[in-house]
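Hi there,

Here is the structure I promised to pass on to you. Please have a look at it, and then read on for what I found.

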Amino acid sequence: MTPGAVSERATHIAAVRVDAAADAVAVRSALVAVREITSWAAGQQAALVAKLSSLESFPEATIAAATKESLGASTKTRERSDTLGATPQLASSLDDGAITAGHIDAVTRAGKQLDPAQRDELFARV
């Protein structure tokens, strides 16, 4: 999704929020737009974390400071970034808003339970 598409979705969301006559269809479409923007932002965050990881040996501290989240949440963000680095198709789907960060986190959790060869197979299949 392009920044222009993100802007269009944000404009739609804002318009529906202030429209007292908005019906369920309009609200539902605005909620989809929220999901798409949230997914796009998660993809952007993952790409920035990958870049930061190449520059710092312990990027989780910087991530925690920048996002105002815990070190545990920052570790989860880095793991998501690592998973997306290994699964370009998932990264593309996240950037497009077709899937959510939760989907990536599920793949990450599943991969942690596998040996390296099985994890590689899982990532190749997704």
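In which helix is T83 found? T83 sits in helix α4, and I will come back to this residue once you have an overall picture. Please keep in mind that this is a predicted model.

**The overall picture**

The protein contains 7 helices and 0 strands. Going along the sequence, you will read the pattern α-α-α-α-α-α-α. Along the principal axes, the C-alpha atoms fill a box of roughly 55 × 35 × 25 Å. There are 126 residues in the protein, and 32% of them count as buried. If you take the contacts between residues at least 6 apart in sequence, 48% of these join residues at least 24 apart.

**Helices α1 and α2**

Helix α1 covers residues 3-18 and helix α2 covers residues 24-53. The two pack at an angle of about 140°, and their axes lie 9 Å apart. The crossing of α1 past α2 is left-handed. On the α1 side, the contact is made by V6, R9, A10, H12, I13 and V16. On the α2 side, the residues are A26, V27, S29, A30, A33, V34, E36, I37 and W40. Sorted by class, this contact of α1 with α2 has 11 nonpolar, 2 polar and 2 charged residues.

Further along, A42 also has its place in helix α2. What is the relative accessibility of A42, and does that make A42 buried or exposed? The value is 9%, so A42 counts as buried, the cut-off for buried being under 20%. Leaving out residues up to four places away in sequence, A42 touches L94 and A101.

**K68, on the way into α4**

Now look at the loop between α3 and α4, where you will find K68. K68 has a relative accessible area of 74%, so this residue is exposed. Its phi is near 60°, a positive value in a residue other than glycine.

**Helix α4 and T83**

Helix α4 runs over residues 71-86. Its length can be checked: at 1.5 Å a residue, the 16 residues should span 22 Å, and the end C-alpha atoms are 23 Å apart, which agrees. The buried residues in α4 are S74, T77, R80, S81, T83 and L84. They pack against α2, α3 (59-67), α5 (88-95), α6 (101-112) and α7 (116-125).

This brings us back to T83. With a relative accessible area of 3%, T83 is buried. Which residues does T83 touch, not counting those up to four places away in sequence? They are I104, V107, T108 and F123.

Neighbours within four places in sequence aside, T87 is in contact with F123 and V126.

**Helix α6**

The same length check can be made for α6. Its 12 residues should span 16 Å at 1.5 Å a residue, and the end C-alpha atoms are 17 Å apart, which agrees. Buried in α6 are A101, I104, D105, V107, T108 and G111. Why can these buried residues be said to line one face of the helix? Seen down the axis of α6, they fall within an arc of 160°, so they line one face. The buried residues of α6 pack against α2, α4, α5 and α7.

One more residue to look at in helix α6 is A106. A106 is partly exposed, with a relative accessible area of 34%. From A106 to R80 there are 26 residues in sequence, and the distance in space is 9.5 Å, C-alpha to C-alpha.

I hope this helps you find your way around. Enjoy exploring!

Best wishes

Note on methods. Residues are numbered from 1 along each chain as its sequence is written. This is a predicted model: local features need pLDDT of at least 70, side-chain atom pairs count only at pLDDT 80 or more; totals for chains, interfaces and linings use all residues. Side-chain values use heavy atoms; hydrogens and water are left out. Axes are lines fitted to C-alpha atoms, for helices over the stretch in contact, and angles run from 0 to 180 degrees between N-to-C directions. Helices (H or I, at least four residues) and strands (E, at least two) are DSSP runs, numbered from the N terminus. A crossing is left-handed if the near helix is turned anticlockwise from the far one by less than a right angle, and right-handed if clockwise. Contact means heavy atoms within 4.5 Å. Ala, Val, Leu, Ile, Met, Phe, Trp, Tyr, Cys and Pro count as nonpolar, Asp, Glu, Lys and Arg as charged, and the others, Gly among them, as polar. The expected span of a helix is 1.5 Å times one less than its number of residues. Buried means under 20% relative accessible area, exposed over 50%, partly exposed in between (1.4 Å probe, protein chains only). The arc is that of the directions from the helix axis to the C-beta atoms.
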